[in-house]
Amino acid sequence: MKKILIIDDEEDFCFVLQRNLEAVGDFETEVCIDSTKAIDKVNSFRPDLIILDVMMPEVSGSDIASELKSREDTKNIPIVFLTAIITNDEAEKRSNIVGGQYFLAKPIEIEILVKAINKFLTEQNP
Amino acid sequence: MFKKKKIIDSEEINKNIIDNIRIGISVINPSMQILTLNRQMQQWFPNIDISKRPICYEVFNEPAGKKVCSYCPVFLTLQDGQVHEAITNTPRGDEVRHYRLISSPLKDKKGNVIAAIEMVDDITSRIQMEEELIFRIQADRMVDSISSGFINLSSEQIDNGINKALETVVKFLGVDRGLIFLLSIDGKRLELNNCWQATGIELHSSLPKTIFLGAFPWLNSKINSQEIINISDISTLGIEAETEKLEFQSQSIKSLIYIPMVSGGVLVGVLRFDSIHDIKIWTNEQIRLFRMISGIFVNVLERKRAEEELKNAYLALQRTQKELIQTEKLAAIGRFSSGVAHEVRNPLGIILGGIEYLDKILPSKDEKIKEVLEKIKISTLRAENIVEGLLRFSRPSELKKTRLKLNELIQEVLSLVTYRAPLQKIKLQTEFSSDDLFIEVDRSQIQQVFFNILINAIESMPNGGIVSIKTYQIDNLDVSQTSQNCVTEIKDTGIGISKDDLKRIFEPFFTTKRDRKGTGLGLSICKKIIDDHNGTITIESEKDKGTIVKVLLPLA
């Protein structure tokens, strides 16, 4: 069972997303709504993939991502970024599956998210 | 008695007067024979031999007359014994001379008329002065009326006014054509600006709209030295003006005059009058008139130029102002839309996620619930669409340009439209330019523009109608920049747009379709995309008649 960590300060969003992921796939999910504790959570949970909100108070999604990329043990964890302030076109342009990152504009459709997750997980473990 | 000697002999006085007066005097008998001539007469007609008793009408006229002149006052006097008077015009060499003739009877003691005394006064110079005076008065009157005619003309009416003034001058001077050529900025060409010609005179096909001065060295040097070029008879032009002679003759011109148009010492153009049939010899008085007219035209053309410059400057200012407001508005929208997007999209995400979750876990047979969920989902996506549009509008767009054919791009959009929109009762007509019109654009953005316009057109015809799409090329005629553009015209027969709405049509969030899910962003995004492509989009519309949208894009 693949482990997915959701880091987003919107608690209700995380809750619904967790329910959805569990309903559609064979995923084990955990949520982190406090961005300051995100790195600790990654260390303890050791996720196969992270869903990361870009705009969060205190520590932003991009800061968390660069911290993870700088560390040997976490640099290969693929990240799906979620953001509310870019258009769908822009999100598509920024995505780079091979480089281990994917952008989705909120609100996301589960189907699309799951497709992206599956693609990552097969790329990582063919 | 010592007889007093007459101090002065009266006969001597008479003879003296008669011989020294500047009036010709002759005595003519009833057979019309000249009996005597005074000294003035002898000077005018040195070949007349009085001893041969010549017949007056044979020797006074050139060529010799064969019978009594029709106006002859002598003949009348000889018949009725009264004083008679006549004025005649007689050709003498190259010129025409004017004479006043007075005839008085010479009677015998019984009162019979035995001869007539004819007194001839050469009034040529007086008549010429009178004619000049009349010409001057009429010319001044004409100049007055022409210049006062320009006073209230707006700059758009000036060219028309000049044509009318040319008509007046052409008719007054009895020429066939009046033209104004303006000197190009580089001083190398004369461009035809105005022309008026008498009816019956055809504008000769070889009459050029542009005179390239380099091809006519003689004319060029005369024009540049700001001389009046007065050619009474084109055929007399010498070898130095051979090119000009051939050129004018090819235009069937017999005689012409160029008058320089000078403003502040600088040549701005020339005024030209052509005579097709007659040789024209202009008097100083007439040349003075030409100069005055030229001065008037220079003034009005200068005024026109100044007014147009002022108007253009004003328009540019207005445009800049509008753009500034628009830019400021866009910047504000940009700041605002990011905030809105964040705040609105998060709850939308929760709603959408929730619906999708419920949709999955609810038993599939419960159709009513599924239907409600589907409606919530559609509404949520609609709200998301608005946020997406808002973000797209506020972003500086990155263009992924490719070179493609306009007609093909429109064809693609048309197939999308017919697929997406039900086209009952709506007829689509296309009239594509036969040439390939290549444009270099961001394909998906331009597609979005045409798609939007077409959907608007279709939606404006709920009861059916015709959408016609036309593409064609136009050349930019602005001298300063020669560019080629293509235009796509999309015309519908729909409900149209009111004047007030038309003014606000490109404003973000302005919509007349609030009740029908319009966001008010469609056309403002279209405008932004077309602006980003250095094109223009214009909309003309008439309420209840229909709308024409014209999209102009530079050709690649």
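A salt bridge is a side-chain nitrogen of Lys or Arg within 4 Å of a carboxyl oxygen of Asp or Glu. A search of the whole structure, over all chains, finds 39 salt bridges.

This is a predicted model, in which local features need pLDDT of at least 70 and side-chain atom pairs count only at pLDDT 80 or more, while totals for chains, interfaces and linings use all residues. Residues are numbered from 1 along each chain as its sequence is written, chains are lettered from A and ligands numbered from 1 in the order in which they are written, and side-chain values use heavy atoms, with hydrogens and water left out.

## The sheet of chain A

Helices (H or I, at least four residues) and strands (E, at least two) are DSSP runs, numbered from the N terminus. Two strands pair if DSSP finds at least two bridges between them. Strands of a sheet pair through backbone hydrogen bonds, either parallel or antiparallel.

Chain A holds an open sheet of 5 strands in the order E2-E1-E3-E4-E5, with parallel pairing. Its edge strands are E2 (27-32) and E5 (101-105) of chain A, each of which pairs on one side only. From one strand to the next, the twist averages 20°. Angles run from 0 to 180 degrees between N-to-C directions, and axes are lines fitted to C-alpha atoms, for helices over the stretch in contact.

Strand E1 (residues 2-7) of chain A pairs with E2(A) in the parallel sense over 6 bridges. The bridge partner of A:Lys2 in E2(A) is A:Phe27.

Two helices of chain A lie across strands of this sheet, where contact means heavy atoms within 4.5 Å. Helix H1 (residues 11-24) of chain A lies across E1, E2, E3 (49-53) and E4 (79-83) of chain A and runs at about 175° to E2(A). Helix H2 (residues 38-45) of chain A lies across E1, E2 and E3 of chain A, at about 155° to E2(A).

H1(A) has 14 residues and reaches 20 Å from its first C-alpha to its last, close to the 20 Å expected at 1.5 Å a residue. The expected span is 1.5 Å times one less than the number of residues. Residues are called buried under 20% relative accessible area, exposed over 50%, and partly exposed in between (1.4 Å probe, protein chains only). The buried residues of H1(A) include A:Phe13, A:Val16, A:Leu17 and A:Leu21.

| B:Asp121 | B:Arg126 | 3.6 Å |

B:Asp140 counts as partly exposed because its relative accessibility is 29%, and B:Arg288 counts as partly exposed because its value is 26%. B:Arg126 is likewise partly exposed, at 42% relative accessibility.

B:Glu307 and B:Arg303 both lie in helix H9 of chain B, 4 residues apart, about one turn of the helix. An α-helix has 3.6 residues a turn, so residues three or four places apart point the same way. B:Glu307 is partly exposed at 30% relative accessibility, and B:Arg303 is partly exposed at 24%. Salt bridges that share partners also join B:Arg136, B:Asp140, B:Glu285 and B:Arg288 into one network.

## A loop serine in chain B

B:Ser184 is found in the loop between strand E6 (177-183) and strand E7 (189-197) of chain B. This serine counts as buried because its relative accessibility is 9%. A polar contact of 2.5 Å joins the side chains of B:Ser184 and B:Asp186. A polar contact is a pair of N or O atoms within 3.5 Å; within protein, one must be able to donate a hydrogen and the other to accept it, and residues adjacent in sequence count only if both atoms are side-chain atoms. The side chain of B:Ser184 also reaches the backbone nitrogen of B:Lys188 at 3.4 Å.

## A sheet of chain B

Chain B contains an open sheet of 5 strands in the order E13-E15-E16-E18-E17, with mixed pairing. Its edge strands are E13 (426-431) and E17 (536-542) of chain B, each pairing on one side only. The twist averages 15° from one strand to the next. Strands E15 (residues 465-475) and E16 (residues 484-492) of chain B run antiparallel and are joined by 9 bridges.
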